[in-house]
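Please open the model in a viewer and keep the selection tool at hand. The tour moves from one selection to the next.

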Amino acid sequence: MTSIYDAITKDHETHRALLDRIDQTEGDSPERREAWDAFYRDIKSHSAAEEEEFYAELMKHTWGQDAARHSVHEHAEMDEILEELNEMDMSSPGWLTRFRTLKHDYEHHMEEEEEEVFTRARKVVGEEDNDAYGKRFLDRKEKELGLIEKKKEDHLED
């Protein structure tokens, strides 16, 4: 089994690698598009699952509410940038500038989450529940990926 912390951290490692890969690409290249699509799908499903299966539990506890709300707020801000980037021309200088803002903000978010939020969360999600939360997170993430794919298919049909 995978603990909630390991599942989130593993996603973060994937996201860091994809961010670096995207940053090293140029223009509207197949490499950039492939890395961006992988990043977009994974971060969207990760964020939704994290909010539903992790932050929702933290918000039940007064001392965890601020950290969880702050993280959810950062998710919303990053989601706006993600959607903005999806609408922009990948070969424009503005796309790379905006992407680098997202990269900086998300790297900060991941670091804060791993160093601060996890510390607080361990007081709520005890070791005996780590794997159960991890499973729920991974199951929810898979469900969210399916919803993202369906939305993409529906969009292509329009």
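The stops below cover the pocket and then the nonpolar cores.

This is a predicted model, in which local features need pLDDT of at least 70 and side-chain atom pairs count only at pLDDT 80 or more, while totals for chains, interfaces and linings use all residues. Residues are numbered from 1 along each chain as its sequence is written, and side-chain values use heavy atoms, with hydrogens and water left out.

First, select Tyr-40, Lys-44, Glu-83, Asn-86 and Ile-148: of the 31 residues that line the largest pocket, these are the closest to its centre. The volume of the largest pocket is about 810 Å³. (A pocket is an open set of points on a 1 Å grid over the protein atoms alone, where a 1.4 Å probe fits, with protein on both sides within 12 Å along at least five of seven lines; lining residues have an atom within 4 Å of a point.)

Next, display α2 (30-58), α3 (62-87) and α5 (130-157), each of which supplies at least two lining residues; helices are DSSP runs (H or I) of at least four residues. The largest share of the lining, 11 residues, belongs to α2.

Now select Trp-36, Phe-39, Phe-99 and Leu-102, which have the most contacts inside the largest nonpolar core, a group of 19 residues. (Such a core joins buried nonpolar residues through side-chain atoms within 4.5 Å; buried means under 20% relative accessible area with a 1.4 Å probe, protein chains only.) The largest share of this core, 6 residues, comes from α4.

Finally, another core lies apart, with 17 residues including Ala-7, Ile-8, Phe-54 and Phe-118.

Technical notes: Points joined across faces, edges and corners; volume = space filled by probe spheres on them. Buried < 20%, exposed > 50% of the residue type's maximum accessible area, 1.4 Å probe, protein only.
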